[in-house]
Amino acid sequence: MSVLTRDEAQSRARLLDVHRYTIDLDLTTGDETFDSRTVIRFSVLEDHDATDTFVELKPAELRSVTLDGQPLDPDALDENRLPLKNLTTGEHELRVDAAMRYSRTGEGMHRFTDPSDGETYVYTQLFMDDVQRVFAAFDQPDLKAVFDLSVRAPEGWTVLANGITEPLGDGRWRAATTPLISTYLVAVAAGPWHSVRTEHRGLPFGIHCRRSLAPHLDTDADEILEITKQCYNRYHEKFEEPYPFDSYDQAFVPEFNAGAMENPGLVTFRDEFVYRSAVTDTERQTRAMVIAHEMAHMWFGDLVTLRWWDDIWLNESFAEYMGYQTLTEATRFTDTWTDFGVARKSWGYDADQRPSTHPVAPENVDDTASALLNFDGISYAKGASALRQLVAWLGEKDFLAGINTHFARHRFANATLADFIDSLAGATERDVHAWADAWLRTTGVDTLTPRVALAADGTCTLTVDRTGSRPHRIAAGLYDLDVADHDRNLVLRERLDLDIPQAAPQPIGKRPALLLLNDGDLTYAKVRFDAGSFETVRAALSGLPEPLTRAVVWNALRDAVRDAGDSAGTTVEPPLTAAAYLEAARTHLPRETDLALVQGVLAFATTHVADRYLAPEQRPAALATLTALCRDLIRRTEDGDNPGLRLIAVRHFIDVAAHPDTIAAWLADGTVPGGPELDPELRWRVLARLAVLGATDEAAIAAELDRDPSATGQEGAARCRAALPDPEAKRAAWEAMFVRDDLSNYLFTATARGFWQPEQADLVREYVQRYYEDAVAVAARRGPAIADAAGRWAFPAHAVDTDTLRLGEECLRDADPIPALRRKLVDQLDDLTRALRVRGSH
C-alpha cells in the first residue's frame, strides 16, 4: 500500500477544494464484504489546462468509477490509489462503486459477532488512513468536507453516525448532513444496539452497547451520563465556542484498538468500559477521564483540526490535559492528577528516554506511516505535562483567552503549531514562542537535583541543578518529621515557588527532613534527592500528607531503579536497587490510602522489578515479598471499608502466586474468604495463573468457558490455553498467532499475553529465535494493528539476555519490518537493554 506523504498532501491541498461526500453503504451483502457507493464533489483550484491527482480506496472489488459522467478504468487502481488525470479548473464529480472488506483487526469497518447471543455489530475506525477501507476519499485531514451518509442495514439494527440518524423503512437509514469535518472523523456504528437516551440543554445524548452488555450499561448509565453532562457544562464555561455538532452519542464497541475515538457526534469507546465485573473507583475515574478527553476533542481536533500529522499534539496533548483538569473541576473525581502522575506520566518518561523519542511537536513527519508511530506517551502524557507547566507559567486566564482566540480563528478549518502559538501570544506579554521552542521542539527528560548548602548560622540555601535545557516553574516542598508521631509522619513546613534556572540560591531556613522538588507535579522532569532526604523517603514515605506528593516520590524511586547503571551521565545518587524498591513497597504500601498509587506501585514492582530487573534466581524471593504485601493489604481490608483496595490486593495476590493452593481454593469456593466473590474477571484471572503454574488443564478451561461464553470469556480461554506449560499447547498458540491469520485483534492479544511466562523460560526458549522472523511476516500480512499487538504483547519480554538482544538487532538490520512493528521492536530492545543494565548494576 502507498502511504501518503506530507509533500503529496500539501500539493493536493493546493490543488483541490473538496465540497461534499455522498456515501451509501449496504451492510446486508454478507459476512465478508459490504457495498460502498461514493459521490465526491470537488473543485480544481489551480489554473492549469490539465492536472493530475489521485483518490484513495482499498476495495475487495472496484466495480465502476466515473468522473464527470465519463467511465474510468477500474484496473487503473494502483494498490490504494486511483489516478485522476487531466483535471481542468472548476467543478468535478467522482462516483465510485465498490465492495469493501469487513475487518477483524479493528481497522476500517470492523465486524464482530457476539458469542453470547449470536448478534452481529459493525463499526468504523477510520483514523489516520483507514477511511480508504470504507469509502473512496481524498484522505488527508486538511481537505475537510460535508458528509451525507445513508446506510442499508439488516432488519432490527440501529444505525448511528456523526449526525442524528432517522430510519426510512426497509432497513434504510439516513444521517443528518455534517458540518465541515476531516475524512478520518467520519463514523458509523450499526447493529442491534442497546441504547439509553436522554437530552441535555436541548441536545440529544445517547449511550449504546451490544445487547449482551445491556444490564451492565444500565447499572452505570446514570453515572456515565452525569459525567458527560458535567463535562459538557464545564467546557461551555471554558470555551466561548458552543458545542459544534447536532448530537452527542457514545458507543461502547467490541474489539476496539484504542481507548476511544473522538468522532464528532459519535464517540466510540472500547466496551471494556462497560464493567461486567467489580472495578475500583480509580478505574471508574479512568472511564470518566476518557469521557472528558474525548469530549474535549470536539473542540481540539474536530472543530479545529491539525493540518498535517506533525501536529498530533494539538489534538492529543490538549484533550489529555483538558480531560484531567476538567474532571477535577467538574466531577466527584477531584484528585485526577495523582492518577495522571502514576499511570500516564511514567508512560511519557519511558517513551522520551528511548531511541524512538521525538519532540512533542516534531517538525518533519514525512508520511502517514511515520505519523502513526507518534501516538505514544510523548504526544499524550508529555504533551499534557507540558501544557500543565504552560498554565502554571502563563496563568489559566491567559491560557483560556488564547485557546478561545484559536477556536474563533480556525473553526471548522485546520491549524498548525504556529497558528496556536500566535493565538496564545496575543493573550500574554510572555514569550510563548521561546517557551514552545524549549518545550515542544526538544526531546528527552530534564533532571532536577537539589543541592543544599549549610551556612555558619545553621540555615541552609537551595540550589537546583538542572540536566537539560527547559525552563521550569516548580514548587519545592520542605517537610519536617512529626516527632509527636514517632517520626512516622511528615509535616509540610513550606512550599517554595522556584523558577529554574534560578537567579540565585534560595534560602530555606533549617535543613528539612525531606526536600522535594516538583512538589505538586506541575512540571515534566525527573527529580533526585539529596542524601538526607533520600533516607527520610525510605523511612517515612507513607507519612507524606498528600497523595500527589507521594506520587512524585514514587515516580522518583521508579526512575532511580530504571536509571541504575545508566552510562548516559544520569547515574542515580544515591542508588536504588530493584530489591530495595520492593522493600520500600513492602514497608509503605500497607499504609497507603490512594488506590492509583497502590495499583501503580504494585504493577511496576511485578511487571518490571520481579519479572525483568531481578535475575531469575532472585524472582522467587520477590514474589514472596509481593505475596506478603498483598496478604497484608487483604487483612487490612477485612472490615469491608475499602473494597477497592481489597480488590487491587486480591488481583495482585493472584498474579504473583508462586503456589496454587490458596487461589485454587478460592476458585473452587467461588469467593475469597471475607469477599469478594469471584466474578468472571477474577475467575479467569485465577485460572490464568493456575495455568502458568501447571495446576489446571484444558478440561477446566473448557468448563469455565461454558460458564462464561462471552467475548471476554473467549479471550480468557485463549490466554489460559496459551499459558499451559505444555509443548503442544505452546505450539497451538504459536500457530494461532503467526500461521493461521484468523484471530481477531483481541484474541491475538489474549493469546500473546498467555504465551510467554517467566516460569516457563526453558519450555519456550526455542520460540525466542522464531519470534523475530514470524512477527515480521505476520505484520506484513495483517497490517499495523496486528503489528502493534505482535510487538507489544507477543515480544519475549521475559527473556532478558544478550541473545534476545542480538537477535532483535539483527532483525532490525536485516529483516525490514513494517514501521509499526519496527517502532515496537526498537522500544522493546531498548527496554531489554535497560533491564540488562539494571541487573548488571546490582
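This is a predicted model: local features need pLDDT of at least 70, side-chain atom pairs count only at pLDDT 80 or more; totals for chains, interfaces and linings use all residues.

Trainee: Is D530 buried or exposed?

Mentor: D530 has a relative accessible area of 13%. Buried means under 20%, so D530 counts as buried.

Trainee: Which side chain does the D530 side chain join in a polar contact?

Mentor: That would be the side chain of S533, and the contact is 2.6 Å.

Trainee: Switching topic: how many helices and strands are there in the protein?

Mentor: The protein has 26 helices and 28 strands. The radius of gyration is 27 Å, close to the 28 Å that the globule rule gives for 842 residues, so the protein is as compact as a globular protein of that length.

Trainee: What does the C-alpha trace span along its principal axes?

Mentor: About 90 × 70 × 55 Å. Buried residues make up 60% of the 842 residues. As for the contacts with a separation of 6 or more, 72% of them are between residues 24 or more positions apart.

Trainee: Now a sheet. What is the order of the strands in the open sheet of five?

Mentor: The order is β15-β16-β17-β19-β18, and the pairing is mixed. β15 (194–200) and β18 (260–261) stand at the edges with a single partner strand each, so one side of each has no neighbour in the sheet.

Trainee: How do β15 and β16 pair?

Mentor: β15 and β16 (residues 203–209) run antiparallel, paired over seven bridges. Looking at one spot, E199 stands opposite P204 in β16.

Trainee: Last topic, helix α10. Which of its residues are buried?

Mentor: In α10 (residues 432–440), the buried ones are V432, W435, A436, A438, W439 and L440.

Trainee: And what covers those buried residues of α10?

Mentor: The cover includes α4 (312–330), α7 (378–394), α9 (417–425) and β24 (472–481).

Trainee: Which residue caps the N-terminal end of α10?

Mentor: D431 does, with a side-chain oxygen 3.4 Å from the backbone nitrogen of H433.

Notes
Residues are numbered from 1 along each chain as its sequence is written. Side-chain values use heavy atoms; hydrogens and water are left out. Two strands pair if DSSP finds at least two bridges between them. Helices (H or I, at least four residues) and strands (E, at least two) are DSSP runs, numbered from the N terminus. Buried means under 20% relative accessible area, exposed over 50%, partly exposed in between (1.4 Å probe, protein chains only). Contact means heavy atoms within 4.5 Å. A polar contact is a pair of N or O atoms within 3.5 Å; within protein, one must be able to donate a hydrogen and the other to accept it, and residues adjacent in sequence count only if both atoms are side-chain atoms. The radius of gyration is taken over C-alpha atoms; the globule rule is 2.2 Å times the number of residues to the power 0.38.
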